[in-house]
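Open the model in your viewer and keep the sequence panel beside it.

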Amino acid sequence: KERAQVTLQSIGDAVITTDAEARVDYMNPVAEQLTGWTVAEARGQPLMQVFNAVHETTRAPLECPATLALREQRTTDLASHAALIRRDGVEFSIEDSTAPIRDRSGTVIGAVLVFHDVSHARVMANQIAYQARHDALTGLINRREFEAALKQALESAHNDNRQHAVCYIDLDQFKVVNDTCGHIAGDELLKQLAGRLQERVRGNDILARLGGDEFGVLLEGCPLDKAWGIADGLRAVAKEFRFAWQGKSFDVGASIGLVPINQDSGSLAEVLSAADSACYVAKDEGRNRVHVYQPDDRALTRRRGEMQWVTQIHQALEEDRFCLYYQTMRPLTQRAASGTHCELLLRMKTREGQLVPPMAFIAAAERYNLMSTIDRWVVRAAFDFLRRHAATVGHTPLVTCAINLSGQSLCEDPFLDFVVEQLQRVDITPAQICFEITETAAVTHLTRAMRFISTLKGMGCRFALDDFGSGLSSFAYLKNLPVDYLKIDGSFIKDMADDVIDHAMVESINQIGHVMRIQTIAEWVENEAILNAVRGLGIDFAQGYAISKPQPLEELLGATPGR
């Protein structure tokens, strides 16, 4: 008995023993410290008078653990969120275990309660649980927790015919702040705007940061007409928000996709996809607006089609199902060097071997920033072909091999580095390479275009300005773009034999090009009448079905260019 007494006095856990009536019989020093009662004061008192335990969250008093153990005659534990309120009001988070005490004959004569302070561990556990549910930057709930709440809303809609709505919010000009002022400024913008948005939603609504500059709002018990009003209010908050950073001020704005949730709603993934798609349509239609999802929405149908092409593009790249075709350009003047001139054209093959023209998938590639990846494939494939066959192409020397580049590639410094690396890797004549860039891309990204052109021209490559006249055409830009060719947009060429205005426009472009010592190319030359009109104006090259149709690149090895 003395050894047990010494042991109980020494251990780190609090120990209280009671009699068969759940009255305190003994307390060790740790129990005295945690309860605020001395043994002398507590002896004979009901346990719950000394051991004042409540639920941490609800604050409801807990059942006496000794009474429970005595009644059920087994070891028991308190609720997992138990808190002990000391006599002076200080509170501890605790874990406990209570067991009945039996005499030598097996008769229950009391109970022993063992408990210890887990306040620090529980604080740490609560912090970890909070961090797992919330976004560290804004303090809003994170995507995983939002999806869990959305799943419950869907269940209530399916089972109880309740109406909800979900908003998908994408900030419109966030990238400008990030690129201009850095990520610290971007983070501060998100924190400030998250606070403004939180003030605008109702008390029972759930606002979450889904990632990057994207937010989600679950509007519980909210019909569509009311949801639209709330969504438009959130849009107005973002539009009116002014972010100031180091003397600069920025407008942001938001595009919002709104999806009603009802008995007919699909799965969690389908609802999120619909919200994302509706948000995309809001952006595509001018930004700073709310777009309500409709199952038969044409814009959404188009977007789904583009998303399917994105998957097919990735698969085609992985399975090497892209291929190159070529179309020849016929020299028409003495200025145009004789020999083989061609433009490389991209095609995709289906798994069944059918050809897919670029107009089917290029829009999706541009929309989802895949053009740089595709352009890399084209450059690598073209250079490898020329490395193997440049000396044996056709029956005349290969003078020009034109390769189209997208505006996305033109803007990426890594892409320029890639082209330089490829030129250095293969043994080809750089003068055979002519990169075609659209007029719109060149003018929109003028500084980068000038750097791109000057770097590769310095290595011997040539450049053509494609679709000239179709976009932001200004002859003044030509002074800053040292291109070798102007490719006159086919929309003017195709009717120039019959339309005097188109004829005059083509003539003007051709004359200005020649004054600036830039050779001209007419595309979409589809018949002899157009060819004669083009030749009559002194345009240097003609390209189109009247000259040749696109052919697989391998056939260039034995081709005889038309004259």
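This is a predicted model: local features need pLDDT of at least 70, side-chain atom pairs count only at pLDDT 80 or more; totals for chains, interfaces and linings use all residues.

Residues are numbered from 1 along each chain as its sequence is written, and side-chain values use heavy atoms, without hydrogens and water.

Now show the surface. The chain exposes about 27200 Å², with 49% of that from carbon and sulfur atoms; the areas are Shrake-Rupley values with a 1.4 Å probe.

Switch to cartoon. You will find 21 helices and 24 strands, taken as DSSP runs (helices H or I, at least four residues; strands E, at least two) and numbered from the N terminus. The radius of gyration is 38 Å, well over the 24 Å from the globule rule for 563 residues, so the chain is more spread out than a compact globule. That radius is taken over C-alpha atoms, and the rule is 2.2 Å times the number of residues to the power 0.38.

Along its principal axes it spans about 120 × 55 × 55 Å.

Next, select residues 14-19 and 24-27. These are strands E1 and E2, paired antiparallel over three bridges; pairing requires at least two DSSP bridges. Pick Ile 16: its bridge partner in E2 is Met 27. Finish at the turn. Four residues separate E1 and E2 in this hairpin, and Ala 22 there has a positive phi of about 60°.
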